[in-house]
Amino acid sequence: MKLALRVAERSRGKCSPNPFVGTVIVKNGKIIAEGSTQPYGYDHSEQVALKAAGKEAKGATMYVSLEPCCHHGKTPPCTDAIIKAGIKRVVIGIEDPNPKVAGKGIKALEEAGITVQSGYFTKEINEQLEYYLCYMKRKRPFVIWKTALTLDGKYAASDGSSRWISNPASRKYVHKLRSQVEVVLAGIKSVSHDDAMLNVRGLRQIKQPLRLVLDPYMDVSLSSKLVTSAKDFPTMIMFHSSDPDKEQALQKAKVQLRRIPGHKDELDLIAVMDALYEMKLYSVLLETGNRLSEAFWRAKLVDKCLLFYGNQILGGDKGILAHYDRQNIDRAIPLHKIKVKRLLDNVLISGYPLL
């Protein structure tokens with residue numbers, strides 16, 4: 001099963017809206033085939049492994065990180081392929097919470113006379129598939145809040161400058177992270193201030209995320225890098241008020257538009273999440289400024305935190321989440337499952353807020 005988890009990682013960020021899953025087939029104590037989930041519409045991990053094993057799959061044991069599907073979608077049911085191949089035993093990491101599966105895959109295999117065991121490496125798989133599990137169980141995308149800070153907790157200097165707090169190794173890590181999520185979300189102020197692209201750069205053979213800008217009044221400049229590159233990278237603007245001519249110009253530039261309820265210069269973040277859920281997008285990386293970050297925290301929509309610390313002391317008044325005031329130390333939000341990673345002279349701290 002450990003190998004199945006490693007095999008699954010080959011497809012991270014490449015097969016949404018399907019979860020990335022790993023499969024290993026073993027016979028007579030030897031590994032005879034491996035498979036990871038292919039891009040949407042192509043083979044699931046079980047089918048990849050079964051094709052690699054061929055006739056040798058008969059009588060073998062299959063290890064798979066997530067319960068095999070048992071319904072028709074873009075591909076036939078994996079359970080049918082497993083039964084047809086003559087697999088004798090299936091060992092499953094965790095059950096699939098998708099209502100179309102949810103134990104039905106296990107039942108189909110057992111009814112075909114296959115021995116099924118489940119519940120292995122559940123902690124590791126629950127973390128590996130945290131995006132997908134959040135989408136299925138909470139009916140909204142998994143939201144990652146990312147920020148770059150100096151050692152004294154400043155996100156920018158007093159004059160507003162912030163390039164570069166993080167080093168090249170940290171920025172490369174962020175581009176890899178962008179390649180693994182479905183949506184990179186920013187507010188219009190951040191995009192306008194930096195003329196941001198929000199795409200993945202410096203990596204090959206990756207799937208570009210949807211670049212989503214929350215722009216209540218549709219203030220985005222038609223000459224911005226984001227708009228002029230929309231023909232090359234998936235781009236969407238969510239808004240509540242607009243000018244018909246501006247809408248037409250943006251659509252001509254290949255920008256997707258979606259109207260969302262809002263008030264003044266804010267959009268309803270729950271409505272934003274609902275829209276992304278409807279679009280079958282299950283992970284969001286926030287590339288937001290301080291104010292929009294605070295709005296996500298207030299709405300209790302932050303599932304994971306990534307804090308990149310540069311090797312600088314800056315001082316000044318640009319403290320992160322300055323207006324998201326918990327007022328008392330007893331109301332501070334703890335993070336659990338803390339991990340620390342060194343990126344040359346930068347440090348990345350990740351954790352999950354207990355909201």
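Me: What makes the lining of the second largest pocket charged, polar or nonpolar, by class?
Reply: Asp, Glu, Lys and Arg count as charged, Ala, Val, Leu, Ile, Met, Phe, Trp, Tyr, Cys and Pro as nonpolar, and the others, Gly among them, as polar. Sorted that way, the lining has ten charged, eight nonpolar and three polar residues. A heads-up: this is a predicted model, where local features need pLDDT of at least 70 and side-chain atom pairs pLDDT 80 or more, while totals for chains, interfaces and linings use all residues. Residues are numbered from 1 along each chain as its sequence is written, and side-chain values use heavy atoms, with hydrogens and water left out.

Me: How do you know that a spot is a pocket, and which residues line it?
Reply: On a 1 Å grid over the protein atoms alone, a pocket is an open set of points with protein on both sides within 12 Å along at least five of seven lines, and lining residues have an atom within 4 Å of a point. The second largest pocket comes to about 710 Å³, a volume being the space filled by probe spheres set on the points, which are joined across faces, edges and corners. Of its 21 lining residues, Arg 12, Glu 127, Tyr 173, Lys 304 and Lys 339 are the closest to its centre.

Me: Why is the pair of Trp 145 and Trp 297 called edge-to-face?
Reply: Rings of Phe, Tyr and Trp (its six-membered ring) pair if their centres lie within 6.5 Å; planes under 30 degrees apart are stacked, over 60 edge-to-face, and the rest tilted. The search of the whole structure turns up seven aromatic pairs. Trp 145 and Trp 297 have 5.4 Å centre to centre and 85 degrees between the planes, so they count as edge-to-face.

Me: What makes Trp 145 buried?
Reply: Buried means under 20% relative accessible area, exposed over 50%, and partly exposed in between (1.4 Å probe, protein chains only). Trp 145 has 4%, so it's buried. Trp 297 also comes out buried, with 4%.

Me: And what about Tyr 173 and Phe 308?
Reply: They're an edge-to-face pair too, with 5.9 Å centre to centre and 65 degrees between the planes. Tyr 173 has 27% relative accessibility, so it counts as partly exposed, whereas Phe 308, at 2%, is buried.

Me: How do you know that Arg 171 lies over the face of Trp 164?
Reply: The rule asks for NZ of Lys or CZ of Arg within 6 Å of the ring centre and within 35 degrees of the ring normal. Arg 171 is at 4.0 Å from the ring centre of Trp 164 and counts as lying over its face. Likewise, the charged end of Lys 337 sits over the ring of Tyr 352, 5.5 Å from its centre.

Key
1 Å grid on protein atoms, 1.4 Å probe; cavity = no way out; pocket = protein on both sides within 12 Å on 5 of 7 lines; lining within 4 Å.
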